[in-house]
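Hi,

Here is the structure I said I'd pass on.

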Amino acid sequence: RRFSDAKRSHYGIDVDLEYFVNDNYSVFANGSWLSQTEWAIGDDDLPFTSYLNAPKTKARAGVRFSNDLYNWSVSYQHDEAFYANVGQFAGNVQEKNLIDANIGINLTEKLRFDVTASNLFDQKYRAFANMPIIGRRVIGKITFDL
């Protein structure tokens, strides 16, 4: 699309905080906020409707643990509902509230094993309207350092 001389104006803020409770534990939180994600014809001199295809607010918070042998983390993610217009994937995108978890262990000095579960409680959602449904995803990873 051509915007001609139109300038889509909006602003936002991202905040990320982490507090180290001690040598092993930390708690964290981050969030994003946008002033606008949808524009009607004429807004900011646009000749057509326009969408940022993102929620106005997003947030994540959690706790991490780490020592020389293993680590784990648990976090909560919230994404506000929004309207998206991405070709055939146009429509309302539902709010998301997900729990993610990770656990890892050092098997030797050079070998590590991790398991990560995204959407641990299997809340069904779509990234955009009409896209495939996403559920729980579990990934195992082995890392070998040379």
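Predicted model: local features only at pLDDT ≥ 70, side-chain atom pairs only at ≥ 80, totals over all residues.

**What turned up**

From the N terminus on, the protein runs β-β-β-β-β-β-β-β-β-β-β, with strands being DSSP runs of E of at least two residues, numbered from the N terminus. Its radius of gyration is 20 Å, well over the 15 Å the globule rule gives for 146 residues, so the protein is more spread out than a compact globule (radius over C-alpha atoms; the rule is 2.2 Å times the number of residues to the power 0.38).

Numbering starts from 1 along each chain as its sequence is written, and side-chain values use heavy atoms, with hydrogens and water left out.

Now the rings. Seven aromatic pairs come out of a search of the whole structure (Phe, Tyr and six-membered Trp rings with centres within 6.5 Å; stacked under 30 degrees between planes, edge-to-face over 60, the rest tilted). Phe65 and Trp72 make a stacked one, 6.0 Å centre to centre with 15° between the planes. Phe65 is buried at 9% relative accessible area, while Trp72 is partly exposed at 26% (buried is under 20%, exposed over 50%, partly exposed in between; 1.4 Å probe, protein chains only).

Cheers

Definitions and conventions: Helix = DSSP H or I, 4+ residues; strand = E, 2+ residues; numbered from the N terminus.
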